[in-house]
There are 2 protein chains.
Amino acid sequence: MNYKKQYIPPTLTVDLVLFQIINNELCVLLMKRPNDPFKGMWALPGGYNPESETTMEALNRIVKNKIGIDTNKDLSYIEQLYTFDTVARDPRGHAVSVTYMGCSQNLNIDKAPNEIAFFPVAKLPKTAYDHADIVHYAHKRMSSKITYTNAAFAFLADTFTLTELQFVYEAIFDRKLDKRNFRKKFLTLNLISETKKIQKVGAHRPAKLYKFKSKSIEELARSFE
Amino acid sequence: MNYKKQYIPPTLTVDLVLFQIINNELCVLLMKRPNDPFKGMWALPGGYNPESETTMEALNRIVKNKIGIDTNKDLSYIEQLYTFDTVARDPRGHAVSVTYMGCSQNLNIDKAPNEIAFFPVAKLPKTAYDHADIVHYAHKRMSSKITYTNAAFAFLADTFTLTELQFVYEAIFDRKLDKRNFRKKFLTLNLISETKKIQKVGAHRPAKLYKFKSKSIEELARSFE
DNA sequence: GCAAAAGTGTTTGGGATACACCCATGC
DNA sequence: GCATGGGTGTATCCCAAACACTTTTGC
């Protein structure tokens, strides 16, 4: 096993695609790069994964440092997305980036150490690297995720109205759904239960509040849509 | 960017889960490890991914060296599966493994440089590392892949009978399907077309031969099952 | 009373499921 | 002629899709 002595691994990085729904639009968190390369451009939060850290550990550390978010506490869901053989971020050579996709709900990003913002996925600014591609790949994954699992819970508060739930689907699918069919379908899926609370906002009939029976990923009995 | 000088990446490895259907069973290719660790145990073919190689390039090189297979020519399909933060393969520390899932059809493995064999996924031998978990993860992925895409083409010769196609689904789903319903459904999906050839084997009615209209991944209009 | 969002049922068509017999061939 | 696998049709049920009005509230 002599060759192990000479073995030099490629640079390993981790990146996060963080989704949140704002004003009924699917948005993604981007950070303005403070340094070269791509200084001043918007990019996914991410960084170097050194030896002795798992990719999740590295991601957690980096995201905490760069944007002040704790992936364990502040995200309602996270999963590994894909590993990209990206164009060199590091002048030394080829870099491999393990990407994660996460969701949050009403995240407070005011105290972030860097300039960060949520952008609608449909109107991304010019981004560094191939990050726009990664966001679209993640969007597609999330779209199928909510069709065959209960993943929509990750975008909602603990209790929510059926209209809010429908807006999550509409934002991610990027199309309108029929209100009656949506409700009928979702209620028969047996994933959510009525609470005794109601939401009173504005000059109209108050809405019943529901909650997900489980907030871990479950596959649907009948796939959605 | 001083810290880049100190940055040491983790070991990066690539591994291949290669599926083939043999005797109507879903099988996976394993290689007997010639060296420690896990010397003598069965494992997925894989190896170190050095700097300056993409994961696909490294996989191609390693698989060619270790088992004499060209991932470009000998596989009917390949995709990235998942990146595992595996237990250390290398005594130096934590290793990250990018895994791929591929399919072959009637592969010739007689001239492989190492001892390799196909094992039914349902009856795996004791495997090195977490490789049994990786195989089952890949199996699950393949199972959904054939439900919403035409991926079954990857397990079949250029032309095939409907019974052979059904056997692919049965092997991967690990259950019997109704012959009439399967045929009706598949023919209305409009993915395959009749050829003018027929297959005559054995003392029974000959079978029409079909072919896939496309041998690249396409999503089905209506998901299967 | 009126604006605004919540809530609610029925009809129709298509596809999934269940199920059993005839057909073409080699020997 | 018989064993073997190829090939075919129908009835039922459930679900998806289409579609519009009533209810409850704040002002």
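Domain bounds come from an automatic or database domain assignment.

## Domains and model

On that basis chain A splits into domain 1 (11–147) and domain 2 (158–212). Taken over C-alpha atoms, the centres of domain 1 and domain 2 of chain A lie 29 Å apart.

This is a predicted model, in which local features need pLDDT of at least 70 and side-chain atom pairs count only at pLDDT 80 or more, while totals for chains, interfaces and linings use all residues. Residues are numbered from 1 along each chain as its sequence is written, chains are lettered from A, and side-chain values use heavy atoms, with hydrogens and water left out.

## Contact and buried area

Contact (heavy atoms within 4.5 Å) joins nine residues of domain 1 of chain A to six residues of domain 2 of chain A.

The two domains of chain A bury about 730 Å² between them, with 73% of it on carbon and sulfur atoms; buried area is the accessible area (1.4 Å probe) that two parts lose on being put together, summed over both. On the domain 1 side, A:Ile21, A:Asn24 and A:Ile146 lose the most area to domain 2, together 61% of what that side buries.

## Elements on the domain 1 side

Strand 2 (25–32) and helix 3 (131–148) of chain A are the elements that give two or more residues to the side of domain 1 that touches domain 2. Helices (H or I, at least four residues) and strands (E, at least two) are DSSP runs, numbered from the N terminus. Helix 3 of chain A supplies the largest share of that side, five residues.
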